[in-house]
Amino acid sequence: MPLAPLTDEELERLDDFLMSPRTPDETMDVETLDGFLVALTIGPEPVPEEEWLPQVFSGTPPEFADQQEADEVMDLLRRHAATVADAFSVKQRSNVGDDPLYFPLILSDEGADEKWQESLGAYWAGGFRLGMLAHEAAWQAALDEDDAFYDTIAAILTLEEGHHPEDESDVLSVPQREERVSELPWLVEDVMFYWLEARYGKVETVVRDGDKVGRNDPCPCGSGKKYKKCHGA
């Protein structure tokens, strides 16, 4: 039986712990964690938990109040990892269509930082880059050999630095950043299909005729909220 995805309250509980004084300074927040897990999941080879879990805490174990808290935090981490893995599973890929397989978890600092839009998606892209390092040689070889794949990865990583990875003058404006975030689900699927084809040969992909979801469009999940206030938040 698949584990239940984390609720908003559970994601907040996990983020609070990850950002608490009892974790190393370089510990991932939940947005970085999500990008990290997505890259690991859709990448060239599976990465076992014993390899990726320590990286969440920058290689230094956190200080848990007690065993109960340790069990709770580890359960939240494992459930979120399982949710990401299930989203890109063979079962889910058979349902590829106009709706994305997964909505990246992008946090919003609206109300806390008036310039929050200038870094929208930056931590997620940073986490994705960290996930690429798990099989760095394979990712780099693919980037060197395939221009289309390089362009897709560059589009994602531009969110982290705010400019194209190899051209600091190619700066991402706030509207462009918002649009790039709305494109993330499909950029991620392009990366997934690249590695599936590299591993298993040509796989069938879906060409979507409809428009991609904009930040102010209704969220495809059916909540009735705008995308930026729901899965794009």
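Guide: Let's stop at helix H6 (122-132), which is mostly covered: 8 of its 11 residues are buried. Buried here means under 20% relative accessible area, exposed means over 50%, and partly exposed is in between (1.4 Å probe, protein chains only). Before going on, please note that this is a predicted model, in which local features need pLDDT of at least 70 and side-chain atom pairs count only at pLDDT 80 or more, while totals for chains, interfaces and linings use all residues. Residues are numbered from 1 along each chain as its sequence is written, and side-chain values use heavy atoms, with hydrogens and water left out.

First, the setting. The protein chain has 9 helices and 2 strands, and from the N terminus on its elements run α-α-α-α-α-α-α-α-β-β-α. Helices (H or I, at least four residues) and strands (E, at least two) are DSSP runs, numbered from the N terminus. Of the 233 residues in the chain, 45% are buried.

Back to H6. Its buried residues are Ala122, Trp124, Ala125, Gly126, Gly127, Phe128, Gly131 and Met132. These residues pack against H2, H7, H8 and H9, where a contact means heavy atoms within 4.5 Å.

Two packed helices are described by the angle between their axes and the distance between the axes. The axes of H6 and helix H7 (residues 136-145) come within 8 Å and cross at roughly 105 degrees. That makes H6 roughly perpendicular to H7. On the H6 side, the contact is made by Phe128, Gly131 and Met132, and on the H7 side by Glu136, Trp139 and Leu143. By type, the residues of this contact divide into 4 nonpolar, 1 polar and 1 charged. The axes are lines fitted to C-alpha atoms, for helices over the stretch in contact, with angles running from 0 to 180 degrees between N-to-C directions. Angles under 35 degrees count as roughly parallel, over 145 as roughly antiparallel, 65 to 115 as roughly perpendicular and the rest as oblique. As for residue types, Ala, Val, Leu, Ile, Met, Phe, Trp, Tyr, Cys and Pro count as nonpolar, Asp, Glu, Lys and Arg as charged, and the others, Gly among them, as polar.

In soluble globular proteins, nonpolar side chains tend to be buried together.

Next come the rings. The structure holds 9 aromatic pairs. In one of them, Phe88 and Tyr102 have ring centres 5.8 Å apart and planes at 55 degrees, so the pair is tilted. Phe88 lies in the loop between H4 and helix H5 (90-93) and Tyr102 in the loop between H5 and H6, so the pair ties together parts that are 14 residues apart in sequence. Both Phe88 and Tyr102 are buried. In another pair, the rings of Tyr194 and Trp195 have centres 5.1 Å apart and planes at 85 degrees, so that pair is edge-to-face. Rings of Phe, Tyr and Trp (its six-membered ring) pair if their centres lie within 6.5 Å; planes under 30 degrees apart count as stacked, over 60 as edge-to-face and the rest as tilted. Tyr194 counts as partly exposed at 21% relative accessibility, whereas Trp195, at 7%, counts as buried.

Phe88 has its own set of neighbours: leaving out residues up to four places away in sequence, Phe88 touches Val38, Thr41, Ile42, Arg93, Leu101, Tyr102, Val188 and Met192.

One last stop is Ser182, which sits in helix H9 and is buried, with a relative accessible area of 0%. Ser182 and Gly121 are 61 residues apart in sequence, with their C-alpha atoms 9.9 Å apart in space.
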